[in-house]
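Dear colleague,

Please find the structure below, handed over for your records. My notes on its pockets follow it.

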Amino acid sequence: MPNTTYTISQLAEEFGVTTRTIRFYEEKGLVHPRREGQKRLYSPADRVRIKLILRGKRIGMSLEESVEVIDMYDPEHNNREQLQSLVCTVEDKRARLLQQKKDIEDMLAGLDEVQALCEQNLAEQGLVEKSLAEKSRAEKSVAERVRKQS
DNA sequence: CTTCTTACA
DNA sequence: TGTAAGGA
């Protein structure tokens with residue numbers, strides 16, 4: 001297995017963020033890259049964490065929320081009680097995300113309606129412009145005849 | 001040239 | 001988070 005590592009700049013480029021952002025996450029305790037002297041070396045696991053953090057960020061989660069979700073991946077305590085508690089937390093998070101998902105779908109549906117109305121309106125305007133053009137053409141030919149007669 | 005820390009906006 | 005400074 002290739003024990004790949006990444007430099008901060010590699011990850012920054014891959015995820016479209018600045019190195020400052022990644023260091024900032026470390027400052028917040030979201031990632032713990034190992035060091036090679038002063039240089040930070042990120043493991044594939046670190047990379048995944050950053051990916052999850054950015055994903056959470058995209059859907060409006062705070063860094064803190066993302067950490068909570070990420071922490072659910074590795075149960076630090078394996079006794080029944082704590083595992084059952086984790087299951088509840090997971091179910092709770094799942095419910096919230098599903099609600100968010102539904103809200104987004106409803107909003108998208110709303111956008112579909114708005115867009116349809118806009119396009120319909122534009123189509124009608126197109127017809128108006130067309131008839132206007134014809135009207136203009138007709139008037140022009142009339143004016144032409146009048147001019148010739150005079 | 002890249003990365004790091006620190007500090008301020 | 002961006003940016004700037006100053007060192008490695």
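The lining of the largest pocket in this predicted model takes at least three residues from each of domain 1 (1-74) and domain 2 (77-150), the domain bounds coming from an automatic or database domain assignment. A pocket here is an open set of points, on a 1 Å grid over the protein atoms alone, where a 1.4 Å probe fits, with protein on both sides within 12 Å along at least five of seven lines; lining residues have an atom within 4 Å of a point.

The volume of the largest pocket is about 340 Å³, a volume being the space filled by probe spheres set on the points, which are joined across faces, edges and corners. Its lining has 15 residues, and Met61, Val69, Tyr73, Lys93 and Leu97 lie nearest the centre. Two or more lining residues come from each of α3 (44-58), α4 (63-71) and α5 (80-149), with helices being DSSP runs of H or I, at least four residues, numbered from the N terminus. The largest share, 5 residues, is that of α5. By type, the lining has 10 nonpolar, 2 polar and 3 charged residues (nonpolar: Ala, Val, Leu, Ile, Met, Phe, Trp, Tyr, Cys and Pro; charged: Asp, Glu, Lys and Arg; polar: the others, Gly among them).

The second largest pocket holds about 210 Å³ of space. α5 again gives the most to its lining, with 4 residues.

Residues are numbered from 1 along each chain as its sequence is written, and chains are lettered from A and ligands numbered from 1 in the order in which they are written. Local features need pLDDT of at least 70, side-chain atom pairs count only at pLDDT 80 or more, totals for chains, interfaces and linings use all residues, and side-chain values use heavy atoms, with hydrogens and water left out.

Yours sincerely
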